[in-house]
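Here are my notes on this one, written as numbered points. Keep the structure open while you read, and look up each residue as it comes along.

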Amino acid sequence: MNQSCGTAIVVGASSGIGKAIAEQLAAAGWKLGLTSRKLENLAETCARLGDRALAKAIDLDDPDAARAGLRALADELGGVDLWVLNAGTGILNRDFAWEPERQTIATNVMGFAAMTDVAVHHCIARGEGRIVGISSVAKKRGHPFTASYSGSKAFVSLYLDGVRQYLRRKAPRVSLTEVAPGYIDTPLQQFDEAFWVVDADTAARQIIAAALARRKHAYVPRRWALIAALLSILPR
Ligand SMILES: NC(=O)c1ccc[n+]([C@@H]2O[C@H](COP(=O)([O-])OP(=O)(O)OC[C@H]3O[C@@H](n4cnc5c(N)ncnc54)[C@H](OP(=O)(O)O)[C@@H]3O)[C@@H](O)[C@H]2O)c1
């Protein structure tokens with residue numbers, strides 16, 4: 001079944017890819033729960049969407065509070081058909097300073113696992129649902145100035161691989177889509193050497209399509225599958 005409309009939570013909906021996903025889902029008639037660390041970052045979107053969107057302040061760097069907040073948002077929505085686990089951070093760290101490394105790992109690893117925990121148990125309890133987790137092509141190879149980012153996205157992808165196998169046993173009607181975007185034009189993208197850059201709307205369209213088709217993996221845009229394959233075999 002290709003569910004075209006229902007309820008969705010977008011974690012990290014205030015900017016970039018998450019904001020574009022929220023706007024496209026809203027336009028298609030979905031009822032939404034949106035999160036950001038600060039409610040004011042969601043104010044403009046929520047004002048436009050009226051009673052079709054609920055907003056909640058959730059900081060992934062406090063994983064226990066984030067889990068409680070996400071569960072409360074899911075309850076307020078009366079159940080969630082689609083979970084978009086999108087929030088993440090990436091910091092160019094040319095000096096290998098500790099704070100950016102710690103921050104990236106806290107948000108993208110522990111924070112990501114906290115989001116996943118809530119989505120997985122919610123879907124198992126309902127016996128159905130779709131979960132989308134946003135990784136990155138960066139999972140394929142380390143980078144001298146974003147070591148923690150590449151490492152955290154490798155975690156995200158392998159973690160989701162195991163979670164998908166768990167779900168297959170526990171709740172086979174729950175799908176899990178791991179998305180690896182290339183360079184997307186958002187505030188997070190800071191590389192001067194970026195190429196094949198696409199806008200957040202294009203990425204959002206492809207991510208939603210992959211989720212609705214219950215794909216296991218998706219490169220966004222698709223041509224990044226070629227780069228990912230090359231990164232696996234080319235010498236450094
Ligand atoms: N842009 C790219 O080229 C690219 C490529 C590959 C993968 N990705 C991935 O795509 C996802 C979205 O990134 P983006 O490019 O759209 O970046 P973005 O515009 O900076 O958006 C990041 C979102 O995550 C939220 N967020 C960040 N830290 C958070 C925290 N500690 N707790 C809760 N929410 C937090 C932000 O909300 P607030 O700041 O309002 O709290 C914002 O809504 C990320 O996982 C990123 O790694 C991006």
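1. Let's start with a definition: a residue is buried if 20 or more other C-beta atoms lie within 10 Å of its own, exposed if 12 or fewer, and partly exposed in between, with C-beta atoms placed from the backbone. Arg173 counts as partly exposed because it has 13 C-beta neighbours inside 10 Å. You'll find Arg173 in the loop between helix 5 and strand 6. (Helices, H or I with at least four residues, and strands, E with at least two, are DSSP runs numbered from the N terminus.)

2. Some housekeeping. This is a predicted model, where local features need pLDDT of at least 70 and side-chain atom pairs count only at pLDDT 80 or more, while totals for chains, interfaces and linings use all residues. Residues are numbered from 1 along each chain as its sequence is written.

3. Back to Arg173 for a moment. Leaving aside residues up to four places away in sequence, Arg173 touches Gly127 and Glu128; contact here is two C-beta atoms, placed from the backbone, within 7 Å. Leu188 is another story: Arg173 and Leu188 are 15 residues apart in sequence, with 34 Å between their C-alpha atoms.

4. What is the order of the strands? It goes 3-2-1-4-5-6-9, an open sheet of 7 strands with parallel pairing. (Two strands pair if DSSP finds at least two bridges between them.) Strand 3 (53–57) and strand 9 (217–220) are the edge strands, each pairing on one side only. From one strand to the next, the twist averages 15°. Axes are lines fitted to C-alpha atoms, for helices over the stretch in contact, and angles run from 0 to 180 degrees between N-to-C directions.

5. Look at strand 5 (residues 129–134) and strand 6 (residues 174–181), which pair in the parallel sense over 6 bridges. Val132 stands opposite Thr177 in strand 6. Helix 5 (residues 147–170) packs on the sheet and touches both strand 5 and strand 6, and its direction makes about 165° with that of strand 6.

6. Strand 1 (residues 7–11) is mostly covered, with 4 of its 5 residues buried. It runs parallel to strand 2 (residues 31–36), and 5 bridges join the two. Val10 has Leu34 as its bridge partner in strand 2.

7. Which residues have the most contacts inside the largest nonpolar core? They are Val10, Ile21, Leu32, Val84, Leu85 and Ile207, in a core of 59 residues. Such a core is a set of buried Ala, Val, Leu, Ile, Met, Phe, Trp, Tyr and Cys residues joined through C-beta atoms within 7 Å. Nonpolar side chains tend to be buried together in soluble globular proteins. Not counting residues up to four places away in sequence, Leu85 touches several residues, including Val11, Phe112, Met115 and Ile131.

8. Strand 9 is joined to strand 6 by 4 bridges, and the two run parallel. Across from His217 stands Glu178. Pro221 itself is in the loop between strand 9 and helix 7 (224–233).

9. Two residues have backbone angles to look up. Phi of Phe96 is near 50°, a positive value in a residue other than glycine, and Trp196 likewise has a positive phi near 50°. Phe96 lies in the loop between strand 4 (82–85) and helix 4, Trp196 in the loop between strand 7 (184–185) and strand 8 (198–199). Why is Phe96 called exposed? Because 11 other C-beta atoms lie within 10 Å of it.

10. Last, the ligand. There are 31 residues around it, and Gly12, Gly16, Arg37, Gly88 and Thr186 come nearest. (Near means a C-beta atom, placed from the backbone, within 6 Å of the molecule.) Helix 1 (16–27) and helix 4 (98–126) are the elements that give two or more residues to this shell. Helix 1 provides the largest share, 3 residues.
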